Each structure stands twice: as structure tokens, then as C-alpha cells.
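Here are my notes for when you open this one up. Have a look at the model first, then go through the points in order.

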Amino acid sequence: MEKVTIRDMSDHDLDGVYLLEAGCDPVPWSVSALKYELENKESILKVALLDDTVIGYTCIRTLLDVTHVMKISVNPEYRRNGVGRLLLTESIKLLRTLKPGVKYVTLEVRESNYAAITLYDNSGFKRTGKRINYYRNPVEDGLIMQLDLSIVSG
Ligand SMILES: CC(C)(COP(=O)(O)OP(=O)(O)OC[C@H]1O[C@@H](n2cnc3c(N)ncnc32)[C@H](O)[C@@H]1OP(=O)(O)O)[C@@H](O)C(=O)NCCC(=O)NCCS
């Protein structure tokens, strides 16, 4: 695949990210929800671009000393090219710089989402629990996974 650029998301990316979001998530965030996150000082949003087109994005949000992976999506046409891993790595790298006091990165993931679970497993996240019927459309349990930043380098 040609060169993919990862950079901070800006207002100009809102439409492109919304299109991606609507194509990837059964419960997509609206443009105004995305805008809210962009304006939230506790959130870090990154986009992956190929020829100026948004092909992936991620949003992580911090509450006290824990950061939550809110969203990570890659356009289905460009999956398995390392874009998801790059987005996650770059977001956590910036998090460590901006918020050195953060101890854990946590997330929920559908139990059936093998691709995402494998990405998180291979990025150092550990399974720490389960939320019963956490997801809707369709209803499904969510695995809770957590990355201990004091153990993982980077
Ligand atoms: C999860 C997601 C973001 C991964 O994006 P991606 O760009 O395809 O991931 P990468 O190519 O960076 O993969 C990194 C690693 O994750 C694992 N992985 C990713 N997709 C996988 C799959 N379909 N099957 C098995 N392992 C997979 C592999 O270990 C892979 O490394 P490798 O290719 O060297 O083996 C993408 O599948 C996606 O957008 N899914 C829909 C949205 C979603 O479910 N988000 C997560 C919500 S919690």
C-alpha cells in the first residue's frame, strides 16, 4: 500500500471521518459528537490519510489517570495493512507525552470482534473483565481490556 500519513484530526476531517464511521460502526457517532470530542481537551483524535482521504481514525479520552479507547476504525478496503496498529501506537505515544500521569489505557470490545481483540492482544492489552449485554444492535457482551503503561514501553 502507498504511504499512509497519521496526524492529529482537525475540523476539516469531520466529513471524511463521519463517512468512515457510518460505514464501520453499527452505532456511528454523529458529526456533532465527533466535533464535541475534537473540542474536548481530554480527547486525542488521530486520522490516517491516503492521498488526502481519511481511511482510519481513532479517539481516546482521559478521565483522571485512565484513558479510554473510544473509537478505532479503518476503512474495510485498507485493513490488515498496519493502519489500525499505527493509529493506536501514535495515539498512545502522544498520550504519554501530554499526560505522563496516566497509568492505564482501557477499552471495551465486542466478544466476537476477533480482529480488534487480536490487535489489542498484540499491543499488550490484557483481558480484565466482561460487561454483560454491553452492546446493542446486536446485543452482545463486551470484553474489558487494559494496557498497563508502566509495563509496556513506548
Ligand atoms: C480493528 C481494526 C481497527 C484493525 O485495523 P487494521 O488496520 O486492519 O489493523 P492492522 O492491520 O494494524 O492489524 C494489526 C494487528 O491486529 C491483528 N489483526 C487485525 N485484523 C485482524 C484480523 N482480521 N484477523 C486477525 N488478526 C487481525 C493482527 O495481529 C495484526 O497484525 P498482523 O497483520 O501483523 O498480523 C479494523 O478491523 C476495524 O476498523 N474494525 C471495525 C471497527 C472496530 O471493530 N473497531 C474496534 C472497536 S473496539
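**Notes on the predicted model**

1. Searching the whole structure turns up 2 aromatic pairs. In one of them, the ring centres of tyrosine 120 and phenylalanine 125 sit 5.4 Å apart with the planes at 55°, so this pair is tilted; edge-to-face would need over 60 degrees.

2. The rings of tyrosine 134 and tyrosine 135 also pair up, with centres 5.0 Å apart and planes at 90°, so here we have an edge-to-face pair.

3. On to the ligand. It has 20 residues around it, and the closest are Ile72, Val74, Arg85, Asn113 and Asn122. Which polar atoms lie by an oxygen atom of the ligand? Valine 74 brings a backbone N or O atom to 2.8 Å from a ligand oxygen. Arginine 79 has a polar side-chain atom 3.4 Å from a ligand oxygen, and for a polar side-chain atom of asparagine 122 the distance to a ligand oxygen is 2.6 Å. On its own the ligand exposes 920 Å², and the protein buries 77% of that.

4. Helix H3 (residues 83-98) passes a quick length check. The buried residues of H3 are Val83, Gly84, Leu87, Leu88, Ser91, Ile92 and Leu95. Why do they end up on the same side of H3? Because they cover an arc of only 165° around the axis. The general rule is that an α-helix has 3.6 residues a turn, so residues three or four places apart point the same way.

5. Two backbone spots to check have positive phi without being glycine. Leucine 64 has a phi of about 55° and lies in the loop between strand E3 (53-63) and strand E4 (66-74). With a relative accessible area of 78%, leucine 64 is exposed. Arginine 80 has a phi of about 65° and belongs to the loop between E4 and H3. Arginine 80 counts as exposed too, because its relative accessibility is 84%.

6. Last one: the peptide bond from asparagine 137 to proline 138 is cis, with omega near 0°. Proline 138 is in the loop between strand E6 (126-135) and strand E7 (140-148).

Definitions and conventions: Residues numbered from 1 in each chain as written. Predicted model: local features only at pLDDT ≥ 70, side-chain atom pairs only at ≥ 80, totals over all residues. Heavy atoms only, no water. Buried < 20%, exposed > 50% of the residue type's maximum accessible area, 1.4 Å probe, protein only. Helix = DSSP H or I, 4+ residues; strand = E, 2+ residues; numbered from the N terminus. Arc of directions from axis to C-beta. Near = heavy atom within 4 Å. Polar contact = N/O pair within 3.5 Å; in protein donor to acceptor, adjacent residues only side chain to side chain. Areas by Shrake-Rupley, 256 points an atom, 1.4 Å probe, with all protein chains shown as cover. Phe/Tyr/Trp six-rings, centres within 6.5 Å; stacked < 30°, edge-to-face > 60°.
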